[in-house]
Amino acid sequence: MPNVVIVMGSKSDWPTMQNAALMLEKLGVSYTAKVISAHRTPNLLTDFSEQAASQGYQVIIGGAGGAAHLPGMIAAHTHLPVFGVPVRSSQLNGIDSLLSIVQMPKGVAVGTLAIGEAGAANAGLLAAQVIGLQNPDVQQAIKDFRAEQTATVLAQDELILPSL
């Protein structure tokens, strides 16, 4: 059974949310992905959210654009950690999504990440860090990932600055 579920409001959110999946794969964390709309399938959202823990999920990543109620509505129906990814929208470039996800009322927590691909990748990383608390293999994969990032930066032997 997958440890993490990536939920998005529409299949069109996958180009962004696949970055969470790629990070989870890189770190050896099992996941599944689902399309559940907060506005178009509210009963499905409630059923999924209430049953997520009993289905074996440990972390939920919710990505949504526009009104972006998906992560918050999931969080309202589960005790599992929920990480929200604002998906870039055509109208306001994702600012609307960010504000919808980040402005949760006291008592209903959603960890909100950056808009777009970087936010999705970091949601995958953060979910892996939660899973890594109980899984030494995932914890080691995260340490290896960090060391690889550091080595990549250190391998750049000089910074090229424009001439003055």
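**Entry 1, the model.** I am working from a predicted model, so I treat every value below as computed from its atoms.

I then asked which residues of α1 are buried. They are Thr16, Met17, Ala20, Ala21, Met23 and Leu24. These residues sit on the same side of α1, because they cover an arc of only 160° around the axis. I recall that an α-helix has 3.6 residues a turn, so residues three or four places apart point the same way. For the cover over the buried residues of α1, I noted strands β1 (4-8), β2 (31-35), β3 (59-65) and β4 (82-87), together with helices α5 (117-132) and α6 (136-154), among what is included.

I turned next to α6, which has 19 residues and reaches 27 Å from its first C-alpha to its last, close to the 27 Å expected at 1.5 Å a residue. Its buried residues are Val138, Ala141, Ile142 and Phe145. Seen down the axis of α6, they fall within an arc of 100°, so they line one face of the helix. On the face turned away from this buried side I found the exposed residues Pro136, Asp137 and Leu154. The cover over the buried residues of α6 includes α1 and α5, and α6 in turn is listed among the elements that cover the buried residues of α1.

I located Val108 in the loop between α4 and β5 (111-112). Is Val108 buried or partly exposed? With the cut-off for buried set at under 20% relative accessible area, Val108 counts as partly exposed because its relative accessibility is 23%. Leaving out residues up to four places away in sequence, I found that Val108 touches Gly72, Ala75 and Ala76. I also looked up its separation from Met17, which lies 91 residues away along the chain, and the two C-alpha atoms are 23 Å apart.

Lastly I recorded a nonpolar patch on the surface, formed by Leu92, Ile95, Leu99 and Val102, with about 360 Å² of accessible area together. Of these I followed up Val102, which is placed in helix α4 (residues 95-102) and counts as partly exposed at 43% relative accessibility.

Methods
Residues numbered from 1 in each chain as written. Predicted model: local features only at pLDDT ≥ 70, side-chain atom pairs only at ≥ 80, totals over all residues. Heavy atoms only, no water. Patch = residues over 30% accessible without salt bridge, like charges linked within 9 Å, V, L, I, M, F, W, Y side chains within 5 Å. Areas by Shrake-Rupley, 256 points an atom, 1.4 Å probe, with all protein chains shown as cover. Salt bridge = Lys/Arg side-chain N within 4 Å of Asp/Glu carboxyl O. Helix = DSSP H or I, 4+ residues; strand = E, 2+ residues; numbered from the N terminus. Buried < 20%, exposed > 50% of the residue type's maximum accessible area, 1.4 Å probe, protein only. Arc of directions from axis to C-beta. Contact = heavy atoms within 4.5 Å. Expected span 1.5 Å × (residues − 1).
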